[in-house]
Amino acid sequence: MSREIDYGNLMHSAMRGLIRTVLQDIAENGLPGNHHFFITFDTAHPDVELADWLSDRYPGEMTVVMQHWFDNLTVDEEGFAVTLNFGDSPEPLYIPYDAIRTFVDPSVEFGLRFESADEETEGFTAVPDADEEADNADDQLEPKKKDADVVSLDSFRK
């Protein structure tokens, strides 16, 4: 029986570690400059914690924005907790790293897209550039069922 290196899972782990490191820095020092994040995650993931009304409204996935107002950001080895404002209603969330589908910082045109195991390709896509504008961030990031597509960052800009 031959052994193979599982590069896909190794890259997933490395990129989720990068997200953890970035969020830990933000928790300790705040967001620098114009940095902000669009994070799309699987709301059906068994370890995601969010209000029932949010899971009812977003039964498959949801995109949250960490920019002007967020509170109680705590980061651990498995995920992060944060309180975000939804229509003047602060709501706590817990998002495990393996529930994250995309992580984008449009201020520096950086992003990652993680493919789920049921899609054709296992892996992630670095997002180097962008072309389209977004009007409503929580509805913008739809997963593509294609091989390693590059996601346009302008689609996340207001």
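Is Phe80 buried or exposed, and what is its relative accessible area? Phe80 is buried, with a relative accessible area of 1%; buried means under 20%, exposed over 50%, and partly exposed in between, with a 1.4 Å probe and protein chains only.

The model is predicted, so local features need pLDDT of at least 70 and side-chain atom pairs count only at pLDDT 80 or more, while totals for chains, interfaces and linings use all residues. Residues are numbered from 1 along each chain as its sequence is written, and side-chain values use heavy atoms, without hydrogens and water.

Strands β3, β4 and β5 form, in that order, an open sheet with antiparallel pairing (strands are DSSP runs of E, at least two residues, and helices runs of H or I, at least four, numbered from the N terminus; two strands pair if DSSP finds at least two bridges between them). β3 (70–75) and β5 (90–96) are the edges, each with a single partner strand, so one side of each has no neighbour in the sheet. Strand β4 (residues 79–85) pairs with β5 over 7 bridges, and Gly79 has Pro96 in β5 as its bridge partner.

Phe80 also takes part in an aromatic pair with Tyr97 (ring centres of Phe, Tyr or Trp, the last by its six-membered ring, within 6.5 Å; planes under 30 degrees apart are stacked, over 60 edge-to-face, the rest tilted). Their centres are 6.5 Å apart and their planes at 35°, so the pair is tilted. Phe80 lies in strand β4 and Tyr97 in the loop between β5 and β6 (100–105), so the pair ties together parts 17 residues apart in sequence.

| Residue | Relative accessible area | Class |
|---|---|---|
| Phe80 | 1% | buried |
| Tyr97 | 3% | buried |
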